[in-house]
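Q: Here's a model I'd like to go through with you. Could you take a close look at one part of it for me, then show me what else is worth checking?

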Amino acid sequence: MSDVTLTDQFGRSIEYLRISVTDRCNFRCTYCMPLEGLPWLPKADILSYEEIVAVVTQLAPLGLRRIRLTGGEPTIRPQLTSLVAQLRGVPGVSDIALSTNGVKLPELARPLRDAGLDRINMSADSLREDRIVAIARRNFPFDPVTSLVAAQDAGLSPIKLNVVVMRGVNDDEVADFARLTLDRPWHVRFIELMPVGDMRELTWDHVVPSAEILDRASAVDALTAADGPTRGNGPATYYRFPGAAGTVGVITPMTHTYCGTCNRVRLTADGRLRTCLFGDHEVNLRDALRAGEPLEPLFREALAGKPREHSLLQMQVGGLRALSQVGG
Ligand code: SAM
Ligand code: SF4
């Protein structure tokens, strides 16, 4: 019998798996995907739900506790609720989260909750209709606040909202987003733009450092350091306005690294285990799974290669795969 925790070569125990269920998306966010899309994975290469559940079932006895479903946009894959229900049934898994652009939450929040989803991270980069269309480059009827309310009403908790801040694009909305936390128990997290993927319209000049983001949020009221949500604390640093229901957070991949406490690995839609979002080290689990071979030796091989920290700051724009391709 193996030990109950998976530990990498630097002693970080790995209990968190982000699973990309699709590389496709119904948006084309300027910082994530080119307008014409990406070379999508062939359907036969994508893990079936049964295969995803098989990976989780083999990882859970090794210490996997928390799962996040992501993509691409996970809600465009049919019957996502059935995947959630199957994952809920895997012994040892105590927390299932979803990352989504939120477009489908008004119809899906309740069925997903009923299937066993615990919580969501929703992404929205503007509260203004024309800007949402300009950034997502898709024209859906979409009001982020309606989607967040649907998630809250369905009982998903905690609710986190991720906002990628881009200079000259949406940095004038930082205070508006932060103000949402006054009355709602939501955790609004501002993310520094990362120079990954094929960002033809964005440059390093669009990156807004977290200190400036916090300065803009402070226009609402004084911010003081706060504890984040009790579940799913990730790389964000949290603050709160006096008496506010929610918190304001910043995620700072560009100005600080948080690799020292990184407890996560990623499973791509085509079944590769990646140990760092920005590295290119990956281990093919799909072929072993389809050949009926045990996955544990491959998990251990992957973790032995998990880098101490990423080298994003030394890289050039365009030098990395888009987050949608690696399950960002
Ligand atoms: N489609 C889902 C969504 O948008 O939440 C899940 C996948 S998306 C790749 C995951 C997160 O990555 C989103 O919060 C998105 O804003 C963020 N992201 C993608 N590209 C980014 C970039 N270049 N810089 C910063 N954040 C990025
Ligand atoms: Fe799609 Fe999410 Fe990438 Fe936007 S950030 S294009 S919603 S995967």
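Which residues are closest to ligand 2, and how many surround it?

A: This is a predicted model, where local features need pLDDT of at least 70 and side-chain atom pairs count only at pLDDT 80 or more, while totals for chains, interfaces and linings use all residues. Residues are numbered from 1 along each chain as its sequence is written, chains are lettered from A and ligands numbered from 1 in written order, and side-chain values use heavy atoms, without hydrogens or water.

Start with ligand 2: 8 residues surround it (a heavy atom within 4 Å), and C25, C29, C32, G72 and N101 are the closest. By class, that shell holds 5 nonpolar residues (Ala, Val, Leu, Ile, Met, Phe, Trp, Tyr, Cys, Pro), 3 polar ones (the rest, Gly among them) and no charged ones (Asp, Glu, Lys, Arg).

Now over to I46, in the loop between β1 (16-20) and α1 (49-59). Skip the neighbours within four places in sequence, and I46 is in contact (heavy atoms within 4.5 Å) with V21, D23, L41, E51, R77, A269, D270 and R290.

Last stop, a helix pair: the axes of α6 (residues 174-183) and α7 (residues 210-217) come within 8 Å and cross at roughly 65 degrees. That makes α6 roughly perpendicular to α7 (65 to 115 degrees). At the contact, V174, A175 and A178 of α6 meet I213, R216 and A217 of α7. Those residues split into 5 nonpolar, no polar and 1 charged.

Terms used
Axes fitted to C-alpha atoms, helices over the stretch in contact; angles between N-to-C directions. Helix = DSSP H or I, 4+ residues; strand = E, 2+ residues; numbered from the N terminus. Parallel < 35°, antiparallel > 145°, perpendicular 65-115°, else oblique.
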